[in-house]
Amino acid sequence: MSSPNCGVLHDNLRAELDGYESLQGLTGGIHLIAKHYIGCKYLRNKLTEGNPEDISKILDGIISNITDLVIDPFGHHVIEKLLGMCTDDQGLRIICALAMDPGQLIRTSCNENGYRVVQKMIETLNTSEQCSSIISSQLLPGVMTLMKDEYGYHVVRRCLERLNPKDKKSFVKAAILNYLVLAQDRYGCRVLQTCLEQADAQKKTVLVRKIIGDALHLSQDPFGNYVVQYIFALENPKAIMDIVYKLKGHYCFLSIQKFSSHVVEKCLAHSGADGQSIIIQEILCARDWYKIMYDQYGNYVIQKAMEHSQGDIHDALINAINPHTPSLLSSKHGKNIVHKYFQNLRTSVKTTASSSSRR
C-alpha cells in the first residue's frame, strides 16, 4: 500500500527538479533521485539531451551505488539510458564497478530488472575487447545458473550474439558440455538453439551430433523436442536423415506422444522421399497402425505423411487408409484424415485431368 504522503512527495520532487535547468545544485543525491519515478524520468531526459557534462555528472552521482540501482525498478532505466549515451571509457567504468564484487554481475543477470542492464551493457560495449573479456570472465563462473534462469538465459543469449568470437566460444563450450541438462530445461533449451545459430562450424557440428545421439529421448521431452526440431531449421540433409535413422523402430509410439509427434511431423516434412519412405513403411507394417489415425496427436502425423509423400509410398498410404474412411468420419480426430484424404483425391483428379488435356 502506498503512503498517504506519496502524492505530496511526488509533487515536492517535481517542483524541486523543475526549478533546475541543469544538474548543478541538485540536492538529495543523484542516486536517490534515480530511484524515484519523477527523478528517473528527469535524469533520462537529461541523458537524451546528450550534454557530455550532464552525462559525466550523472555517472559520478550514481557510480558508487550502481549495484543497488541496476536492480531498482526505476534506477535500472537510468543505467540503461546511461549505457546508451556514454563513451567506451565511461562504459568500462560501469562494468568495473559491477565487477568489483565477485558474483555481482551474475546476481544482477538473474534479477528481473538487472538482466536488462547487463543485456544493454553487452549490446553497447561489445566493440571493446576489454569490456567483452571482463563480461565473459565475470559471467562464466555461474554460466549454468544463468543458462537455466528465467532472466539469466537472456543474458547468455546476448553474449552468444554480441561478444567477440574468443569470448563467445567459452559459452558455447559450456553449453556443449552440459547439452543434455540444458536441452531438458525450460530456459536452457532456448540457449542451445542460440548456440546452434551462433557457434562456428566445428562447434555446431559437435553440438548437432550430440543432440542427434539423444534424439529418441529428447524428442519425448517437453523442452528437448524443441531442440531436436530446431536441427531441421539448419537445413542440413545429412543431420536430418541421421535423426530419421535414430528414431527408426519407434515411429508408431512417437507418433501418439504429445511432444515427439511434432518431431515425427518435422521428419516427414523435411526428410524427402527417402526419409518419408522409411517412416511410412514402418508405420504401415505395424499390426495396429490404424490406431494412430484415431489418436489426438497421431492423426496429425498421418495428415503430414499424406501431405508430403509422393509416388508409390503415397499410394500405399492412401490405399491403407481407404478401408477405414467410414469409421474415421465418426471419429473426433480421425475425421481430419478423411478431409485430407478427399483433398488429396481432388488434387490427384485435377492433376490427371490437366495431364490428359495436354496430351
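The model is a predicted one, where local features need pLDDT of at least 70, side-chain atom pairs count only at pLDDT 80 or more, and totals for chains, interfaces and linings use all residues. Residues are numbered from 1 along each chain as its sequence is written, and side-chain values rest on heavy atoms, with hydrogens and water left out.

Back to the cysteines. The sulfur closest to that of Cys131 belongs to Cys96 and sits 7.6 Å away, so it is too far for a bond. Cys285 is exposed, however, with a relative accessible area of 69%. The disulfide count for the structure is zero, a disulfide being a pair of cysteine sulfur atoms within 2.5 Å.

Next comes a helix pair. Packed helices are described by the angle between their axes and the distance between the axes. Here, helix α16 (residues 201-213) and helix α18 (residues 224-233) have axes that come within 10 Å and cross at roughly 130 degrees. That angle makes α16 oblique to α18. (Under 35 degrees counts as roughly parallel, over 145 as roughly antiparallel, 65 to 115 as roughly perpendicular, and the rest as oblique. Axes are lines fitted to C-alpha atoms, for helices over the stretch in contact, with angles from 0 to 180 degrees between N-to-C directions. Helices are DSSP runs of H or I with at least four residues, numbered from the N terminus.)

Which residues of α16 and α18 meet? On the α16 side they are Val208, Ile211 and Ile212, and on the α18 side Val227, Val228 and Ile231, where contact means heavy atoms within 4.5 Å. The tally for this contact is six nonpolar, no polar and no charged residues.

Past α18, the loop between α18 and α19 (237-246) holds Glu235. Most residues other than glycine have a negative phi. Glu235, though not a glycine, has a positive phi of about 55 degrees. Glu235 is also exposed, with a relative accessible area of 67%.

Finally, Phe253 is part of helix α20 (residues 251-255) and is partly exposed, at a relative accessible area of 43%. The C-alpha atoms of Phe253 and Gly298 are 9.2 Å apart, with the two residues separated by 45 residues along the chain.

Technical notes. Buried < 20%, exposed > 50% of the residue type's maximum accessible area, 1.4 Å probe, protein only. Helix = DSSP H or I, 4+ residues; strand = E, 2+ residues; numbered from the N terminus. Nonpolar A, V, L, I, M, F, W, Y, C, P; charged D, E, K, R; others polar.
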